[in-house]
Amino acid sequence: MNGLVIKNTGSNYLVKTDTREMVSCKIKGNFRLKGIRTTNPVAVGDKVTISGTENDTAYITAITPRKNYIIRRASNLSKQAHILAANLDQVCLVVTLFHPTTSTTFIDRFLATAEAYRVPAVLVINKIDLLEDDAENKEYLDAVSHLYKTIGYPVLRISAMTGEGLDKLKATLDGKVTLFSGNSGVGKSTLINDLIPGLDLATAAISVTHDTGMHTTTFSEMFEVPDASDGTYIIDTPGVKGFGTLEFEREEVSHFFPEIFKYSADCKYGNCTHTHEPGCAVRDALDQSLISQSRYASYLSILDDATEGKYRKGY
């Protein structure tokens, strides 16, 4: 029997079969995907084959090859990975520029990972209602929007509180399987509740002391969006604090920053790391403000991730 994994609760997986039956499944203890050491060998969005029940339990026995996925380092001490979701049409990275503040380093690391794993990305800036009455905050909102638009990323400015921009977000989601991701507290669950009335995902207030979000989503889950084209799904994921990149080769990192990759074609050396080499077109573009300092700093931080021996080898 074939089906789609729509929820991962750690040890159990909820699979919607081709006949739309919901079946709770487990995986065999030795079930692993070749070449990827992950905390979750099966992810939401996976198309799977399940066996008949064994002691009243169904088991996932095979995974159809994925067209793509989003993956992050499980911790800073391991090369083990965590797959956020698989078989995506796009990812909406939900960020906030105030209360709490999403760092551009986090944004860039996520976008670079989306580039590496061939997942189109949309930047969704939420809580703009907190920014537009303050000239300085509004200027920062405009600057961040302009930066990522000029690189080529769609940018949506929305407010889950007032409803501003939600129509554009709905149009962006129509007919697609979309992963929602971002830091805790950026309003992912509130947005999804707005998009799917009656869902009532848990939400929580921001910590006043630390201006950070509280984890409300515990496990990844896929939801069908009503009043939309067939195949319109949202995958909700737990909020993440940092985004550790995984298995990026140093010479490939620049490929995942479109504007850096563009100028790298004119570098003197084909294996230029854009850090110290003579005749580096990327650093020339940086000096001319054709590449932003924040994006270049993010690029360097991922290069540092790729430093041999920085992370403990997985077992």
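# A tour of the predicted model

Begin with Cys267, which is buried at a relative accessible area of 11%. The model is a predicted one.

**Stop 1: the cysteines.** A disulfide is a covalent bond between the sulfur atoms of two cysteines. How many disulfides does a search of the whole structure find? The search finds zero. Then select Cys25, whose relative accessibility of 1% makes it count as buried.

**Stop 2: helix 3.** Select residues 166–173, which form helix 3. Which residues of this helix are buried? They are Leu166, Leu169 and Leu173. Looking down the axis of helix 3, you will find these buried residues within an arc of 60°, so they line one face of the helix. An α-helix has 3.6 residues a turn, so residues three or four places apart point the same way. Now turn to the other side of helix 3, where Asp167, Lys168 and Ala171 are exposed.

To see what covers the buried residues of helix 3, show the elements around them. Among the strands are strand 8 (90–96), strand 9 (121–126) and strand 10 (155–157). Strand 11 (177–181) and strand 13 (233–236) are also part of the cover, as is helix 4 (188–195). Before leaving, select Gly175, which follows helix 3 and has a positive phi, near 75°.

**Stop 3: Val122.** Go to strand 9 and select Val122, which lies in that strand. Is Val122 buried or exposed? With 5% relative accessibility, Val122 counts as buried. Leaving aside residues up to four places away in sequence, Val122 touches Gln90, Val91, Cys92 and Leu93, and also Pro154, Leu156 and Thr172.

**Stop 4: two crossing helices.** Select helix 1 (residues 104–116) together with helix 7 (residues 293–305). Two packed helices are described by the angle between their axes and the distance between the axes. Here the axes come within 9 Å and cross at roughly 65°, and the crossing of helix 1 and helix 7 is right-handed.

Show side chains where the two helices meet. Helix 1 contributes Thr104, Thr105, Asp108, Arg109, Leu111 and Ala112. From helix 7 come Ser294, Arg295, Ser298, Ser301, Ile302 and Asp305. The residues of this contact divide into three nonpolar, five polar and four charged.

Conventions. Residues are numbered from 1 along each chain as its sequence is written. This is a predicted model: local features need pLDDT of at least 70, side-chain atom pairs count only at pLDDT 80 or more; totals for chains, interfaces and linings use all residues. Side-chain values use heavy atoms; hydrogens and water are left out. A disulfide is a pair of cysteine sulfur atoms within 2.5 Å. Buried means under 20% relative accessible area, exposed over 50%, partly exposed in between (1.4 Å probe, protein chains only). Helices (H or I, at least four residues) and strands (E, at least two) are DSSP runs, numbered from the N terminus. The arc is that of the directions from the helix axis to the C-beta atoms. Contact means heavy atoms within 4.5 Å. Axes are lines fitted to C-alpha atoms, for helices over the stretch in contact, and angles run from 0 to 180 degrees between N-to-C directions. A crossing is left-handed if the near helix is turned anticlockwise from the far one by less than a right angle, and right-handed if clockwise. Ala, Val, Leu, Ile, Met, Phe, Trp, Tyr, Cys and Pro count as nonpolar, Asp, Glu, Lys and Arg as charged, and the others, Gly among them, as polar.
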